[in-house]
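Here is a short report on one protein model. Look at the structure first, then read on.

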Amino acid sequence: MRIRIVDAFTDRPFAGNPAGVLLLDVFPDDDWLQQVALEVNHAETAFAHRLPEGGEADWALRWFTPATEVAMCGHATLATAHVLHTTGAHEGPVRFATRSGVLVATPREDGSITLDFPTAPLTPVRIPQGVAEALGTEPRAVLDTGPNLGDLLVEVADEKTVHGLAPDLKALAAYSERGIIATARAEDPALGYDFVSRCFFPNVGIDEDPVTGSAHTALAPFWSERLGRPGLTGLQASPRSGLVRTELHGDRTLLSGHAVTVIEGELLA
């Protein structure tokens, strides 16, 4: 079967977030899926197969990190939609049946793809004891992002602080199901982005995720409320870096970005 590595939320190779993508006839057993994801060893590997016509979705989609299956993944969904459109396997909007419900990916004239995801419910919480020491800076605010993400969203002082974070990942693992989203307002919006973030997910085998689409379902409502606009652009300030355009529509968040296929090969296992 064909396997592809796609860089998502970028328009150039070797940036954004790489994801493995496999189009299957059916889902094999979970152990095989997990072993393939471990072999690919990117933040996520996406597995998809076509569904019968006439249903609520066109393709079934699952996502695995090297350590576990996850309930939601933005960049691997974008990568899968990119593969479907560039190979001719699907035309127009594609509806994915996932653990987070039906997610729709729509190709745009500029070559980007827009994902329609559920908005994360944000609940302010007290700053947990020890999280400042684990993250390496004092939070301004901490919010729970709900069951789909399982993260803590942590606002820090400024963009420079986000760039300089060097957290104690083992200590961070104690504070949420998946990990920590650290964020701050952009220092200079004229550079083309409104807020910055970094994502640390030690509990699912990802020390730092390069560009996290799912995290932006929490970042979008957080920053839209503070900046007074439904449409924003976020820079995820990992070493690979990437831009995510967000548009808040109540309980749905639109995430837009480009993707580039960088490797295509044959899986023999």
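## The nonpolar cores

Which residues touch the most other members of the largest nonpolar core? This is a predicted model. In it, the largest nonpolar core has 47 residues, and Trp 63 and Phe 96 touch the most other members. Helix α2, residues 74-87, gives the most to this core. Its share is 6 residues.

There is also a second, separate core. This one has 17 residues, including Leu 135, Val 154, Leu 165 and Leu 235.

## A strand with two partners

Now turn to strand β17, which covers residues 252-257. Buried here means under 20% relative accessible area. By that cut-off, 5 of the 6 residues of β17 are buried, so the strand is largely enclosed by the rest of the structure.

Strand β8, residues 113-118, runs antiparallel to β17 and is joined to it by 6 bridges. Strand β16, residues 242-249, is also antiparallel to β17, with 5 bridges.

β16 and β17 form a hairpin, with 2 residues between them. In the turn, Gly 250 has a positive phi of about 65°.

## An enclosed space

How many cavities of 30 Å³ or more does a search of the whole structure find? The search finds 1. About 60 Å³ of space lies in the largest cavity.

The lining of this cavity has 13 residues. Glu 44, Cys 73, Arg 178, Asp 209 and Thr 212 lie nearest the centre. Helix α2 and strand β14 (206-209) each supply at least two lining residues. By type, the lining divides into 5 nonpolar, 5 polar and 3 charged residues.

Technical notes: Residues numbered from 1 in each chain as written. Predicted model: local features only at pLDDT ≥ 70, side-chain atom pairs only at ≥ 80, totals over all residues. Heavy atoms only, no water. Buried < 20%, exposed > 50% of the residue type's maximum accessible area, 1.4 Å probe, protein only. Helix = DSSP H or I, 4+ residues; strand = E, 2+ residues; numbered from the N terminus. Pairing = 2+ DSSP bridges. Core = buried A, V, L, I, M, F, W, Y, C linked by side-chain atoms within 4.5 Å. 1 Å grid on protein atoms, 1.4 Å probe; cavity = no way out; pocket = protein on both sides within 12 Å on 5 of 7 lines; lining within 4 Å. Points joined across faces, edges and corners; volume = space filled by probe spheres on them. Nonpolar A, V, L, I, M, F, W, Y, C, P; charged D, E, K, R; others polar.
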